[in-house]
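Student: I have a model on my screen and want to learn how to read it. Can you take me through it feature by feature?

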Amino acid sequence: MKIKKNIKLILKESYRWRNRNLIEKAGFIEPKISLKNILTRNVFLFLIGLIFSICFSSFFNPKFAGYAITALSIFIGLFTTVLILIFDKLVNNQNLNNLENASSELKLNLKRTKNFSRRFIFISLEALLIATCIIVLFLIPLMFQESFTINILNYEFVLNKIDYNSFSTLIKNSIIVVTRILLVVLLYKFFKYLFMIFGALGAYLKGVLNNNVKI
């Protein structure tokens with residue numbers, strides 16, 4: 001499907017620009033995302049999510065889910081507009097699209113600006129994807145209501161006494177725990193990328209104002 005292909009492209013480019021400088025030296029090998037990298041980087045985060053979901057079960061309540069969905073919806077709307085404006089400026093910037101007569105120093109600065117725009121756009125797009133996934137996941141607490149805040153440590157699963165009710169409870173609790181873990185992981189990544197975007201933007205603008213943009 002084309003949607004799946006486009007999402008993979010966003011994740012691939014976001015990973016690439018998060019793990020490289022705006023301008024790299026000769027011989028630099030572009031970072032490539034892989035399943036091994038994903039598992040290695042996130043196994044500890046998933047463990048943290050599991051601990052948090054068990055110890056702070058009351059955090060995942062329907063009221064908070066409603067607030068989070070509203071806030072993330074506003075963020076998606078605002079940031080989508082910002083990305084469209086940045087992309088429009090990037091496409092219609094005559095200096096970036098005409099480097100034939102530019103000096104070597106100007107070419108370097110323009111390339112740096114173009115690469116920063118790419119970094120900003122793709123990391124922001126991944127943040128928007130994560131925000132959308134969080135909204136979808138927060139619909140589950142709204143569906144389960146207060147039962148979503150259950151403490152799974154209060155339950156005991158006995159294999160020789162399994163029946164329909166115990167099995168359905170196991171499935172329900174498993175869905176709740178997995179959803180909590182995913183929410184913790186995605187919320188962490190969302191704020192991480194958000195602060196990464198703001199930090200990179202601040203550092204870049206400071207360098208431009210001081211005429212000392214770091215490579």
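Student: How many helices and how many strands does the secondary structure of the protein come to?

Tutor: Start with the rule. Helices (H or I, at least four residues) and strands (E, at least two) are DSSP runs, numbered from the N terminus. Here the protein has six helices and zero strands. Along the sequence the pattern reads α-α-α-α-α-α. Residues are numbered from 1 along each chain as its sequence is written. This is a predicted model, where local features need pLDDT of at least 70, side-chain atom pairs count only at pLDDT 80 or more, totals for chains, interfaces and linings use all residues, and side-chain values use heavy atoms, with hydrogens and water left out.

Student: Where is confidence lowest, and where is it highest?

Tutor: Read pLDDT, the predictor's confidence in each residue, from 0 to 100. The mean for the protein is 78, and 78% of its residues reach 70 or more. Confidence is lowest in helix H4 (residues 94-97), at a mean of 55. It is highest in H1, at 85.

Student: How many residues does H1 have, and what span is expected of it?

Tutor: The expected span of a helix is 1.5 Å times one less than its number of residues. H1 has 17 residues. From first C-alpha to last, H1 reaches 24 Å, close to the 24 Å expected.

Student: Which residues of H1 are buried?

Tutor: First the cut-offs. Buried means under 20% relative accessible area, exposed over 50%, and partly exposed in between (1.4 Å probe, protein chains only). In H1, the buried residues are Ile-10, Glu-13, Ser-14, Tyr-15 and Trp-17. Tyr-15 counts as buried because its relative accessibility is 7%. For the protein as a whole, 32% of the 215 residues count as buried.

Student: Which residues touch the most other members of the largest nonpolar core?

Tutor: A nonpolar core is a set of buried Ala, Val, Leu, Ile, Met, Phe, Trp, Tyr and Cys residues joined through side-chain atoms within 4.5 Å. The largest one holds 34 residues. Phe-75, Phe-79, Ile-134, Phe-138 and Phe-190 touch the most other members. Helix H3 (62-91), helix H5 (104-144) and helix H6 (164-209) are the elements that give two or more residues to this core. H5 gives the most, with 14 residues.

Student: Which residues make the nonpolar surface patch?

Tutor: Patches are made of residues with over 30% relative accessible area and no salt bridge: like charges are joined within 9 Å, nonpolar side chains (Val, Leu, Ile, Met, Phe, Trp, Tyr) within 5 Å. Accessible areas come from the Shrake-Rupley method with a 1.4 Å probe; for residues, only the protein chains shown count as cover. Here Ile-3, Ile-7, Leu-11, Ile-33, Leu-35, Ile-38 and Leu-39 make a patch of about 610 Å². Helix H1 (2-18) and helix H2 (35-55) each supply at least two of its residues. Take Ile-3, which lies in H1. Ile-3 counts as exposed because its relative accessible area is 56%.

Student: How many salt bridges does the count come to?

Tutor: Side chains of opposite charge can pair when their charged atoms come close. The rule for a salt bridge is a side-chain nitrogen of Lys or Arg within 4 Å of a carboxyl oxygen of Asp or Glu. By this rule the count is two. One joins the side chains of Arg-16 and Glu-13, at 3.0 Å, N to O. The other joins Glu-126 and Arg-18, at 3.4 Å, N to O.

Student: Why are Arg-16 and Glu-13 separated by about one helical turn?

Tutor: An α-helix has 3.6 residues a turn, so residues three or four places apart point the same way. Arg-16 and Glu-13 are separated by about one turn because they are three residues apart in helix H1. Arg-16 is partly exposed, at 23% relative accessibility. Glu-13 is buried, at 14%.
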